[in-house]
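These are my notebook entries on a single chain model.

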Amino acid sequence: MLRNTFIELLKNYTDDDALMDHLWNEIVENYAAHNRYYHTLQHLDNLWLLLIDVKEKIRNWDAILFTLYYHDIIYDPLRSDNEEKSADLAGVRMKQIGVSNHVIDLCRKQILATKSHLESTDSDTNYFTDADLSILGQAWEMYAMYSQNVRKEYAIYSNSIYRAGRLKVLNHFLSKHCIYKTSYFHQKFEQQAQDNLKNEVVQLEG
């Protein structure tokens with residue numbers, strides 16, 4: 001599904017089969033890297049399923065799809081500029097196939113928005129960042145697996161250092177009036193997300 005959707009997206013801009021295969025293989029290689037446990041192709045698949053449900057609310061579907069495929073293409077737990085590097089690579093690849101500057105700009109802004117997940121004046125961005133946070137509102141068993149996978153991605157850090165950083169992230173979300181910006185995702189995930197975050201805080205502080 002992910003490959004077919006990506007190729008169909010690229011066909012709007014190029015008929016170069018070799019280039020399309022190259023760009024897809026680059027995505028697979030990055031998201032299947034050995035140090036990834038959560039930011040994988042499965043994450044992209046989950047996002048696609050969520051975004052399909054709100055497709056009629058999205059104003060620029062192509063931009064959202066490019067954002068989906070490229071938002072975590074660069075992911076190094078030791079760096080703090082993954083979003084910027086992902087946005088840069090997305091811009092380069094989109095220019096290669098002749099995507100308009102307008103769509104490239106939308107995509108870049110959406111990728112950069114995943115750094116803070118703050119509310120945007122652009123509704124498409126809010127739908128994407130809400131979908132990106134949907135894991136927080138899943139059933140506790142799935143959330144617990146997610147938190148374990150994130151820990152694996154940060155395995156280089158000691159428990160004490162990781163705990164401090166993780167608590168900072170969790171409390172950041174809990175300090176918000178609402179985790180989700182759109183009514184659709186708020187109604188679907190907000191209460192469970194609040195409960196999950198609080199549970200993890202208790203576990204880390206225990």
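I took a polar contact to be a pair of N or O atoms within 3.5 Å, where within protein one must be able to donate a hydrogen and the other to accept it, and where residues adjacent in sequence count only if both atoms are side-chain atoms. I note that the model is predicted, so that local features need pLDDT of at least 70 and side-chain atom pairs count only at pLDDT 80 or more, while totals for chains, interfaces and linings use all residues. Residues are numbered from 1 along each chain as its sequence is written, and side-chain values use heavy atoms, with hydrogens and water left out.

**Entry 1: helix H2.** I read helices as DSSP runs (H or I, at least four residues), numbered from the N terminus. At the start of H2, I found a side-chain oxygen of Asp16 within 3.1 Å of the backbone nitrogen of Ala18.

I then checked burial (buried is under 20% relative accessible area, exposed over 50%, partly exposed in between, with a 1.4 Å probe and protein chains only). Leu19, Met20, Leu23, Trp24, Glu26, Ile27 and Tyr31 are buried in H2. Seen down the axis, these buried residues fall within an arc of 150 degrees, so they line one face of the helix; the arc is that of the directions from the helix axis to the C-beta atoms. Asp17, Ala18 and Glu29 are exposed on the other side. The buried residues pack against helices H1, H3, H4 and H5, contact meaning heavy atoms within 4.5 Å.

**Entry 2: salt bridges.** I searched for a side-chain nitrogen of Lys or Arg within 4 Å of a carboxyl oxygen of Asp or Glu, and the whole structure gave 11 salt bridges. One of them joins Arg3 and Asp21 at 2.8 Å, N to O. This pair links helix H1 to helix H2, 18 residues apart. Glu84 pairs with Lys115 at 3.4 Å, and Glu83 is linked with both in a network.

**Entry 3: Glu190.** Which side chain of opposite charge is nearest to Glu190? It is Lys198, 8.9 Å away, and the buried Glu190 has no salt bridge; I counted Lys and Arg as positive and Asp and Glu as negative, with His and the chain ends not counted. Glu190 lies in helix H10. A polar atom of the Glu190 side chain is 3.0 Å from the backbone nitrogen of Ile179.

Technical notes:
Helices (H or I, at least four residues) and strands (E, at least two) are DSSP runs, numbered from the N terminus.
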